[in-house]
Amino acid sequence: AAAVDCMQALDRDDWPLPSVAAQVIQETVDTIFATFRAEHPSSSATMGADDLNPVIVFVICRSAVRWLPMFVEMMSWLCDRSKRLSSHPRAVGRRQD
């Protein structure tokens, strides 16, 4: 619930600045990591990207952010294009299947 509340900050403005959106995204991810640590206090397990991805998708859907296309674009900006793997023909890196 806390991560959903963080993400909903994107809807407080008519059109959030990219710097504000990036800050909201970072705060949301930090909240997800904090929640994971709180729910697994005695575990040395960490949350990796494979674990984070479905959680962030859930948070986005639950938060009903109006600016979802902008959010997707922001996430794309945060990726290192040279290390991105995809089967999409326009992607920089190609997955070797």
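Mentor: Gladly! Let's begin with a term we will need: a residue counts as buried when its relative accessible area is under 20%. Keep in mind that this is a predicted model.

Trainee: Thanks. What is the overall layout of the chain, and how many helices and strands does it have?

Mentor: The chain has four helices and two strands, and along the sequence they follow the pattern α-α-α-α-β-β. Of the 97 residues, 29% count as buried. As for contacts between residues at least 6 apart in sequence, 56% of them join residues at least 24 apart.

Trainee: How should I describe a pair of packed helices?

Mentor: The general idea is that two packed helices are described by the angle between their axes and the distance between the axes. Here, take helix 2 (residues 18-39) and helix 3 (residues 49-63): their axes come within 11 Å and cross at roughly 120 degrees.

Trainee: Which word describes how helix 2 and helix 3 lie to each other?

Mentor: An angle from 65 to 115 degrees would count as roughly perpendicular, and one over 145 as roughly antiparallel. The crossing is at roughly 120 degrees, so helix 2 and helix 3 are oblique to each other. Their crossing is right-handed.

Trainee: Which residues in helix 2 meet helix 3?

Mentor: From helix 2 come Thr-28, Val-29, Ile-32 and Phe-33, and they meet Leu-52, Val-55, Ile-56 and Val-59 in helix 3. The residues of this contact divide into seven nonpolar, one polar and no charged.

Trainee: Let me try one residue from each side. Is Ile-56 buried or exposed?

Mentor: Recall the cut-off: under 20% means buried. Ile-56, in helix 3, has a relative accessibility of 8%, so it counts as buried.

Trainee: What is Thr-28 in contact with, leaving aside its neighbours within four places in sequence?

Mentor: The list is Ala-3, Cys-6, Met-7, Ile-56 and Val-59.

Trainee: Where does the polar side chain of Thr-28 come in?

Mentor: Look towards Met-7: its backbone nitrogen lies 3.5 Å from a polar atom of the Thr-28 side chain.

Note on methods
Residues numbered from 1 in each chain as written. Predicted model: local features only at pLDDT ≥ 70, side-chain atom pairs only at ≥ 80, totals over all residues. Heavy atoms only, no water. Axes fitted to C-alpha atoms, helices over the stretch in contact; angles between N-to-C directions. Parallel < 35°, antiparallel > 145°, perpendicular 65-115°, else oblique. Left-handed = near helix turned anticlockwise from the far one by under 90°. Contact = heavy atoms within 4.5 Å. Nonpolar A, V, L, I, M, F, W, Y, C, P; charged D, E, K, R; others polar. Buried < 20%, exposed > 50% of the residue type's maximum accessible area, 1.4 Å probe, protein only. Polar contact = N/O pair within 3.5 Å; in protein donor to acceptor, adjacent residues only side chain to side chain.
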